[in-house]
Amino acid sequence: MSESLAVNLGLYIHIPFCQAKCSYCHFISVPYQQRIAARYKSAILREIANTCIHNAVNVEVDTIYFGGGTPSLVPAGHLISILSACRSRFHLIPECEISLEVNPGTLSEKKIKSFRKAGVNRISIGAQSFVDQELRAIGRLHTADMILDTVYLLRNSGYENISLDLMLGLPFQTKESWHKSLNIFIQLRIPHISIYMLDLDEECLLSKWVAANLISIPEEDLISDMYLETINTLASAGYTQYEISNFSLPGSECCHNLKYWRREAVHGFGLGSHSFDGMVRYSNLSNMKDYLGAIETDTSPKAWEEPIDARKALQESLFLGLRLAHGINLDELSNKYDEKKISQYAGHFQELSERGLVKRDGNRFSLTTSGMLLSNEIFQLFV
Ligand code: SF4
(Lines give C-alpha, C1' and ligand atoms only; values in the text may rest on other atoms or scores of the structure.)
Protein backbone atom coordinates (compact mmCIF):
# COMPACT_ATOMS: atom_id res chain seq x y z
CA MET A 1 0.00 0.00 0.00
CA SER A 2 1.08 3.58 -0.53
CA GLU A 3 2.70 6.02 1.92
CA SER A 4 -0.53 8.00 2.33
CA LEU A 5 -2.51 4.98 3.47
CA ALA A 6 -5.69 5.70 5.38
CA VAL A 7 -5.45 4.49 8.97
CA ASN A 8 -8.77 2.68 8.78
CA LEU A 9 -9.11 -0.25 6.42
CA GLY A 10 -12.04 -2.39 5.30
CA LEU A 11 -11.55 -6.00 4.23
CA TYR A 12 -13.70 -7.64 1.56
CA ILE A 13 -13.68 -11.43 1.24
CA HIS A 14 -15.29 -12.93 -1.84
CA ILE A 15 -16.93 -16.34 -1.44
CA PRO A 16 -17.98 -17.21 -5.00
CA PHE A 17 -19.98 -20.41 -4.48
CA CYS A 18 -23.70 -20.71 -5.29
CA GLN A 19 -26.22 -23.55 -5.37
CA ALA A 20 -27.36 -22.60 -8.88
CA LYS A 21 -26.86 -19.68 -11.27
CA CYS A 22 -29.68 -17.11 -11.08
CA SER A 23 -30.99 -16.12 -14.50
CA TYR A 24 -29.89 -12.47 -14.16
CA CYS A 25 -26.54 -13.09 -12.46
CA HIS A 26 -23.49 -11.18 -13.67
CA PHE A 27 -21.45 -11.66 -10.51
CA ILE A 28 -18.39 -13.87 -10.15
CA SER A 29 -19.95 -17.13 -8.99
CA VAL A 30 -19.29 -20.83 -9.52
CA PRO A 31 -21.27 -23.97 -8.53
CA TYR A 32 -20.56 -25.16 -4.99
CA GLN A 33 -18.28 -28.19 -4.75
CA GLN A 34 -17.02 -29.29 -1.36
CA ARG A 35 -13.50 -30.06 -2.59
CA ILE A 36 -13.03 -26.76 -4.45
CA ALA A 37 -14.52 -24.81 -1.53
CA ALA A 38 -11.96 -26.37 0.84
CA ARG A 39 -9.12 -25.55 -1.57
CA TYR A 40 -10.46 -22.01 -1.99
CA LYS A 41 -10.57 -21.49 1.79
CA SER A 42 -6.90 -22.53 2.03
CA ALA A 43 -6.09 -20.10 -0.80
CA ILE A 44 -7.79 -17.21 0.99
CA LEU A 45 -5.89 -18.05 4.20
CA ARG A 46 -2.64 -18.03 2.22
CA GLU A 47 -3.54 -14.76 0.48
CA ILE A 48 -4.27 -13.13 3.84
CA ALA A 49 -1.02 -14.41 5.34
CA ASN A 50 1.01 -13.22 2.32
CA THR A 51 -0.63 -9.80 2.00
CA CYS A 52 1.90 -7.06 2.21
CA ILE A 53 0.37 -3.85 3.43
CA HIS A 54 2.83 -1.04 3.68
CA ASN A 55 2.61 0.78 7.02
CA ALA A 56 0.48 -2.13 8.30
CA VAL A 57 1.44 -1.23 11.83
CA ASN A 58 -0.79 1.86 11.61
CA VAL A 59 -3.73 0.12 10.02
CA GLU A 60 -6.88 -0.60 11.96
CA VAL A 61 -9.49 -2.78 10.35
CA ASP A 62 -12.95 -1.43 11.14
CA THR A 63 -15.10 -3.40 8.66
CA ILE A 64 -15.02 -6.89 7.17
CA TYR A 65 -17.51 -7.95 4.53
CA PHE A 66 -18.10 -11.53 3.30
CA GLY A 67 -19.76 -11.14 -0.11
CA GLY A 68 -20.52 -13.48 -2.94
CA GLY A 69 -21.68 -15.71 -4.37
CA THR A 70 -23.38 -17.17 -1.35
CA PRO A 71 -21.03 -17.03 1.66
CA SER A 72 -23.60 -18.78 3.88
CA LEU A 73 -23.37 -21.88 1.67
CA VAL A 74 -19.85 -22.91 2.73
CA PRO A 75 -19.25 -24.69 6.07
CA ALA A 76 -19.19 -22.24 8.99
CA GLY A 77 -15.68 -23.51 9.80
CA HIS A 78 -14.32 -21.96 6.59
CA LEU A 79 -15.52 -18.47 7.47
CA ILE A 80 -14.38 -18.89 11.07
CA SER A 81 -10.83 -19.79 9.94
CA ILE A 82 -10.80 -16.82 7.55
CA LEU A 83 -11.89 -14.45 10.32
CA SER A 84 -9.29 -15.89 12.62
CA ALA A 85 -6.62 -15.33 9.91
CA CYS A 86 -7.78 -11.70 9.60
CA ARG A 87 -7.41 -11.29 13.36
CA SER A 88 -3.88 -12.73 13.28
CA ARG A 89 -2.79 -10.61 10.31
CA PHE A 90 -4.50 -7.28 11.10
CA HIS A 91 -5.48 -5.21 14.07
CA LEU A 92 -9.30 -5.34 14.26
CA ILE A 93 -10.95 -2.63 16.33
CA PRO A 94 -13.28 -4.08 19.03
CA GLU A 95 -16.42 -2.66 17.37
CA CYS A 96 -15.40 -3.85 13.88
CA GLU A 97 -18.49 -4.29 11.66
CA ILE A 98 -18.39 -7.87 10.32
CA SER A 99 -21.04 -8.48 7.65
CA LEU A 100 -22.06 -11.73 6.01
CA GLU A 101 -24.28 -12.12 2.95
CA VAL A 102 -26.69 -15.04 3.29
CA ASN A 103 -29.31 -16.63 1.09
CA PRO A 104 -32.53 -18.07 2.53
CA GLY A 105 -32.40 -21.85 2.80
CA THR A 106 -28.65 -22.03 3.44
CA LEU A 107 -28.65 -21.48 7.21
CA SER A 108 -29.26 -23.68 10.23
CA GLU A 109 -29.51 -22.57 13.85
CA LYS A 110 -26.16 -24.23 14.52
CA LYS A 111 -24.49 -22.39 11.63
CA ILE A 112 -25.89 -19.02 12.73
CA LYS A 113 -24.66 -19.57 16.28
CA SER A 114 -21.18 -20.40 14.94
CA PHE A 115 -21.12 -17.17 12.89
CA ARG A 116 -22.22 -15.17 15.89
CA LYS A 117 -19.61 -16.74 18.14
CA ALA A 118 -16.94 -15.96 15.52
CA GLY A 119 -17.88 -12.26 15.63
CA VAL A 120 -20.16 -11.83 12.59
CA ASN A 121 -22.41 -8.98 13.77
CA ARG A 122 -24.32 -7.96 10.64
CA ILE A 123 -26.29 -10.16 8.23
CA SER A 124 -27.44 -9.20 4.76
CA ILE A 125 -30.20 -11.42 3.32
CA GLY A 126 -30.46 -11.80 -0.46
CA ALA A 127 -34.27 -11.89 -0.42
CA GLN A 128 -34.99 -10.06 -3.75
CA SER A 129 -38.78 -10.44 -3.51
CA PHE A 130 -41.55 -11.80 -1.28
CA VAL A 131 -43.45 -13.07 -4.34
CA ASP A 132 -42.73 -16.70 -5.24
CA GLN A 133 -43.54 -16.27 -8.94
CA GLU A 134 -40.96 -13.45 -9.22
CA LEU A 135 -38.36 -15.50 -7.32
CA ARG A 136 -38.86 -18.48 -9.63
CA ALA A 137 -38.53 -16.25 -12.72
CA ILE A 138 -35.04 -15.15 -11.70
CA GLY A 139 -33.94 -18.67 -10.78
CA ARG A 140 -33.88 -18.20 -7.02
CA LEU A 141 -34.23 -21.47 -5.12
CA HIS A 142 -35.97 -19.96 -2.10
CA THR A 143 -39.56 -18.93 -1.42
CA ALA A 144 -41.06 -16.01 0.51
CA ASP A 145 -41.69 -18.35 3.48
CA MET A 146 -38.02 -19.30 3.52
CA ILE A 147 -37.06 -15.60 3.79
CA LEU A 148 -39.36 -15.24 6.81
CA ASP A 149 -37.88 -18.40 8.37
CA THR A 150 -34.39 -16.94 7.90
CA VAL A 151 -35.37 -13.67 9.60
CA TYR A 152 -36.94 -15.52 12.57
CA LEU A 153 -33.97 -17.88 12.85
CA LEU A 154 -31.55 -14.93 12.88
CA ARG A 155 -33.55 -12.98 15.43
CA ASN A 156 -33.93 -16.03 17.68
CA SER A 157 -30.15 -16.30 17.63
CA GLY A 158 -29.76 -12.68 18.73
CA TYR A 159 -29.22 -10.93 15.38
CA GLU A 160 -30.87 -7.52 15.10
CA ASN A 161 -28.41 -5.86 12.71
CA ILE A 162 -29.98 -7.31 9.57
CA SER A 163 -30.27 -5.99 6.02
CA LEU A 164 -32.49 -7.23 3.22
CA ASP A 165 -32.00 -6.91 -0.55
CA LEU A 166 -35.06 -6.41 -2.76
CA MET A 167 -35.08 -5.97 -6.54
CA LEU A 168 -37.11 -3.65 -8.73
CA GLY A 169 -37.92 -4.55 -12.32
CA LEU A 170 -38.36 -8.32 -11.95
CA PRO A 171 -40.42 -10.36 -14.42
CA PHE A 172 -44.12 -10.47 -13.35
CA GLN A 173 -43.58 -7.54 -10.96
CA THR A 174 -46.47 -5.09 -10.71
CA LYS A 175 -47.04 -2.10 -8.44
CA GLU A 176 -49.20 -4.33 -6.23
CA SER A 177 -46.65 -7.11 -5.97
CA TRP A 178 -43.89 -4.56 -5.23
CA HIS A 179 -46.01 -3.00 -2.46
CA LYS A 180 -46.48 -6.47 -1.02
CA SER A 181 -42.70 -7.11 -0.86
CA LEU A 182 -41.94 -3.65 0.51
CA ASN A 183 -44.71 -3.82 3.13
CA ILE A 184 -43.56 -7.20 4.41
CA PHE A 185 -40.07 -5.71 4.83
CA ILE A 186 -41.49 -2.71 6.72
CA GLN A 187 -43.66 -4.90 8.96
CA LEU A 188 -40.61 -6.98 9.85
CA ARG A 189 -38.91 -3.76 11.04
CA ILE A 190 -35.58 -4.85 9.65
CA PRO A 191 -33.21 -1.89 10.12
CA HIS A 192 -31.63 -1.75 6.63
CA ILE A 193 -32.67 -2.35 3.04
CA SER A 194 -30.83 -2.26 -0.30
CA ILE A 195 -33.05 -1.84 -3.34
CA TYR A 196 -31.43 -2.72 -6.64
CA MET A 197 -32.85 -2.26 -10.10
CA LEU A 198 -32.60 -5.33 -12.31
CA ASP A 199 -29.54 -4.71 -14.47
CA LEU A 200 -29.44 -7.17 -17.34
CA ASP A 201 -26.13 -8.14 -18.83
CA GLU A 202 -26.41 -9.24 -22.49
CA GLU A 203 -24.93 -12.63 -21.73
CA CYS A 204 -27.27 -13.64 -18.91
CA LEU A 205 -30.08 -16.14 -19.41
CA LEU A 206 -32.84 -13.70 -18.52
CA SER A 207 -31.65 -11.25 -21.22
CA LYS A 208 -31.93 -14.02 -23.78
CA TRP A 209 -35.44 -14.96 -22.59
CA VAL A 210 -36.51 -11.31 -22.76
CA ALA A 211 -34.99 -10.91 -26.26
CA ALA A 212 -36.85 -14.03 -27.43
CA ASN A 213 -40.13 -12.72 -25.94
CA LEU A 214 -40.33 -15.72 -23.63
CA ILE A 215 -40.71 -13.49 -20.60
CA SER A 216 -41.22 -9.76 -20.11
CA ILE A 217 -39.96 -7.29 -17.55
CA PRO A 218 -41.72 -4.10 -16.40
CA GLU A 219 -41.39 -0.94 -18.52
CA GLU A 220 -38.86 1.66 -17.38
CA ASP A 221 -41.57 4.20 -16.53
CA LEU A 222 -43.25 1.76 -14.20
CA ILE A 223 -39.94 0.97 -12.50
CA SER A 224 -39.27 4.71 -12.07
CA ASP A 225 -42.72 5.21 -10.52
CA MET A 226 -42.18 2.31 -8.14
CA TYR A 227 -38.74 3.65 -7.14
CA LEU A 228 -40.12 7.14 -6.40
CA GLU A 229 -43.03 5.68 -4.40
CA THR A 230 -40.58 3.50 -2.51
CA ILE A 231 -38.56 6.51 -1.34
CA ASN A 232 -41.75 8.08 0.10
CA THR A 233 -43.08 4.85 1.61
CA LEU A 234 -39.80 4.11 3.34
CA ALA A 235 -39.47 7.71 4.57
CA SER A 236 -42.98 7.51 6.11
CA ALA A 237 -41.94 4.29 7.83
CA GLY A 238 -38.88 6.00 9.39
CA TYR A 239 -36.19 4.82 6.97
CA THR A 240 -33.64 7.40 5.80
CA GLN A 241 -32.26 7.12 2.31
CA TYR A 242 -28.51 7.53 2.67
CA GLU A 243 -27.53 6.36 -0.83
CA ILE A 244 -29.30 5.85 -4.16
CA SER A 245 -30.08 2.19 -3.36
CA ASN A 246 -29.74 2.11 0.42
CA PHE A 247 -32.09 3.03 3.27
CA SER A 248 -31.81 2.48 7.01
CA LEU A 249 -33.25 3.22 10.40
CA PRO A 250 -31.02 5.76 12.23
CA GLY A 251 -27.57 4.35 13.01
CA SER A 252 -27.94 1.20 10.87
CA GLU A 253 -26.11 2.32 7.72
CA CYS A 254 -23.63 -0.19 6.29
CA CYS A 255 -20.21 1.14 7.36
CA HIS A 256 -18.40 -1.12 4.89
CA ASN A 257 -20.30 0.00 1.81
CA LEU A 258 -19.95 3.65 2.86
CA LYS A 259 -16.20 3.19 2.39
CA TYR A 260 -16.65 2.64 -1.36
CA TRP A 261 -18.63 5.85 -1.84
CA ARG A 262 -16.24 7.82 0.38
CA ARG A 263 -13.17 6.47 -1.45
CA GLU A 264 -11.74 4.91 1.69
CA ALA A 265 -9.30 2.01 1.65
CA VAL A 266 -10.67 -1.50 1.19
CA HIS A 267 -8.53 -4.58 0.59
CA GLY A 268 -10.19 -7.47 -1.23
CA PHE A 269 -9.30 -11.15 -0.91
CA GLY A 270 -10.43 -13.96 -3.18
CA LEU A 271 -11.58 -14.45 -6.73
CA GLY A 272 -12.04 -11.22 -8.68
CA SER A 273 -12.02 -9.08 -5.55
CA HIS A 274 -11.25 -5.37 -5.95
CA SER A 275 -9.01 -3.23 -3.74
CA PHE A 276 -8.27 0.46 -3.30
CA ASP A 277 -5.48 1.77 -1.12
CA GLY A 278 -6.11 5.49 -1.54
CA MET A 279 -3.76 5.79 -4.54
CA VAL A 280 -4.15 2.64 -6.65
CA ARG A 281 -7.11 0.46 -7.62
CA TYR A 282 -6.40 -3.20 -8.36
CA SER A 283 -8.22 -6.46 -8.81
CA ASN A 284 -7.57 -10.17 -8.41
CA LEU A 285 -7.83 -12.75 -11.18
CA SER A 286 -11.44 -13.77 -11.81
CA ASN A 287 -10.94 -17.29 -13.17
CA MET A 288 -10.92 -19.91 -10.39
CA LYS A 289 -8.17 -22.08 -11.93
CA ASP A 290 -5.89 -19.06 -12.48
CA TYR A 291 -6.57 -17.63 -9.02
CA LEU A 292 -5.91 -20.92 -7.20
CA GLY A 293 -2.85 -21.58 -9.38
CA ALA A 294 -1.37 -18.17 -8.53
CA ILE A 295 -1.97 -18.43 -4.78
CA GLU A 296 -0.77 -22.03 -4.54
CA THR A 297 2.55 -21.11 -6.19
CA ASP A 298 2.92 -17.95 -4.08
CA THR A 299 2.51 -15.78 -7.19
CA SER A 300 0.57 -12.53 -7.04
CA PRO A 301 -3.14 -13.09 -7.85
CA LYS A 302 -3.39 -9.52 -9.17
CA ALA A 303 -5.08 -9.22 -12.59
CA TRP A 304 -4.60 -5.49 -13.12
CA GLU A 305 -3.89 -2.28 -11.30
CA GLU A 306 -4.63 1.35 -12.07
CA PRO A 307 -2.91 4.25 -10.34
CA ILE A 308 -5.43 7.00 -9.64
CA ASP A 309 -4.04 10.42 -10.50
CA ALA A 310 -5.43 13.70 -9.13
CA ARG A 311 -7.82 14.22 -12.09
CA LYS A 312 -9.29 10.71 -11.77
CA ALA A 313 -9.49 11.03 -7.97
CA LEU A 314 -11.54 14.22 -8.33
CA GLN A 315 -13.86 12.58 -10.87
CA GLU A 316 -14.37 9.62 -8.52
CA SER A 317 -15.05 11.95 -5.59
CA LEU A 318 -17.72 13.68 -7.66
CA PHE A 319 -19.63 10.70 -8.98
CA LEU A 320 -19.23 8.48 -5.93
CA GLY A 321 -20.08 11.37 -3.58
CA LEU A 322 -23.22 12.14 -5.58
CA ARG A 323 -24.47 8.60 -4.88
CA LEU A 324 -24.79 9.62 -1.23
CA ALA A 325 -27.91 11.47 -0.09
CA HIS A 326 -25.84 14.24 1.49
CA GLY A 327 -23.94 14.65 -1.77
CA ILE A 328 -20.68 16.53 -2.13
CA ASN A 329 -19.36 19.72 -0.64
CA LEU A 330 -17.21 21.73 -3.02
CA ASP A 331 -15.46 23.50 -0.09
CA GLU A 332 -14.37 20.13 1.30
CA LEU A 333 -13.20 19.04 -2.15
CA SER A 334 -11.14 22.20 -2.54
CA ASN A 335 -9.10 21.14 0.52
CA LYS A 336 -8.03 18.08 -1.45
CA TYR A 337 -8.04 19.09 -5.11
CA ASP A 338 -7.00 22.00 -7.31
CA GLU A 339 -9.80 24.60 -7.29
CA LYS A 340 -9.28 25.30 -10.99
CA LYS A 341 -9.97 21.65 -11.78
CA ILE A 342 -13.08 21.65 -9.59
CA SER A 343 -14.37 24.79 -11.30
CA GLN A 344 -14.26 22.95 -14.65
CA TYR A 345 -17.32 21.04 -13.47
CA ALA A 346 -19.27 24.15 -12.39
CA GLY A 347 -21.15 24.25 -15.71
CA HIS A 348 -22.41 20.68 -15.19
CA PHE A 349 -23.75 21.53 -11.73
CA GLN A 350 -25.43 24.63 -13.10
CA GLU A 351 -27.09 22.67 -15.90
CA LEU A 352 -28.15 19.81 -13.58
CA SER A 353 -29.66 22.32 -11.11
CA GLU A 354 -31.63 23.97 -13.92
CA ARG A 355 -32.94 20.56 -15.02
CA GLY A 356 -34.04 19.82 -11.42
CA LEU A 357 -31.66 16.85 -11.16
CA VAL A 358 -29.37 18.34 -8.52
CA LYS A 359 -30.22 20.48 -5.50
CA ARG A 360 -27.91 23.02 -3.91
CA ASP A 361 -27.43 23.95 -0.28
CA GLY A 362 -24.59 26.51 -0.06
CA ASN A 363 -21.68 24.74 -1.67
CA ARG A 364 -23.17 21.29 -1.14
CA PHE A 365 -24.75 19.54 -4.13
CA SER A 366 -26.86 16.39 -4.04
CA LEU A 367 -29.10 14.52 -6.44
CA THR A 368 -32.84 15.11 -6.32
CA THR A 369 -35.06 12.03 -6.56
CA SER A 370 -35.39 12.71 -10.32
CA GLY A 371 -31.61 12.95 -10.47
CA MET A 372 -31.29 9.57 -8.73
CA LEU A 373 -33.37 8.01 -11.50
CA LEU A 374 -30.96 9.43 -14.09
CA SER A 375 -27.84 8.86 -12.02
CA ASN A 376 -26.00 6.80 -14.63
CA GLU A 377 -26.44 9.53 -17.24
CA ILE A 378 -25.33 12.17 -14.69
CA PHE A 379 -22.22 10.28 -13.62
CA GLN A 380 -21.11 10.11 -17.26
CA LEU A 381 -20.62 13.89 -17.11
CA PHE A 382 -17.85 13.43 -14.57
CA VAL A 383 -15.76 10.79 -16.33
S1 SF4 B 1 -27.06 -15.99 -5.53
FE2 SF4 B 1 -26.19 -14.05 -6.27
S3 SF4 B 1 -24.12 -14.56 -6.94
FE4 SF4 B 1 -25.24 -16.50 -6.72
S5 SF4 B 1 -26.00 -16.92 -8.78
FE6 SF4 B 1 -27.63 -15.81 -7.69
S7 SF4 B 1 -27.26 -13.63 -8.18
FE8 SF4 B 1 -25.41 -14.77 -8.73
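D298 and R46 form a salt bridge in which the closest N and O atoms are 3.2 Å apart; the term denotes a side-chain nitrogen of Lys or Arg within 4 Å of a carboxyl oxygen of Asp or Glu. Because D298 lies in the loop between α10 (288-296) and β14 (302-307) and R46 in helix α1 (residues 34-50), the pair ties together parts that are 252 residues apart in sequence. Helices (H or I, at least four residues) and strands (E, at least two) are DSSP runs, numbered from the N terminus. D298 is exposed at 52% relative accessibility, whereas R46, at 33%, is partly exposed. Here buried means under 20% relative accessible area, exposed over 50%, and partly exposed in between, with a 1.4 Å probe and protein chains only.

The model is predicted: local features need pLDDT of at least 70 and side-chain atom pairs count only at pLDDT 80 or more, while totals for chains, interfaces and linings use all residues. Residues are numbered from 1 along each chain as its sequence is written, and side-chain values use heavy atoms, with hydrogens and water left out.

A second salt bridge joins D62 to K259, with the closest N and O atoms 2.8 Å apart. This pair links distant parts of the chain, since D62 belongs to strand β4 (residues 60-68) and K259 to helix α9 (residues 255-261), 197 residues apart. D62 counts as buried at 17% relative accessibility, and K259 counts as buried at 2%. Together with E264, D62 and K259 are linked in a network of salt bridges.

E377 pairs with R355, the closest N and O atoms being 3.3 Å apart. E377 is partly exposed at 42% relative accessibility, and R355 is partly exposed at 42%. By the stated rule, the count comes to 16 salt bridges.

Turning to the whole chain, the secondary structure comes to 16 helices and 17 strands. The radius of gyration is 21 Å, close to the 21 Å that the globule rule gives for 383 residues, so the chain is as compact as a globular protein of that length. That radius is taken over C-alpha atoms, and the rule is 2.2 Å times the number of residues to the power 0.38. Buried residues make up 53% of the 383 residues.
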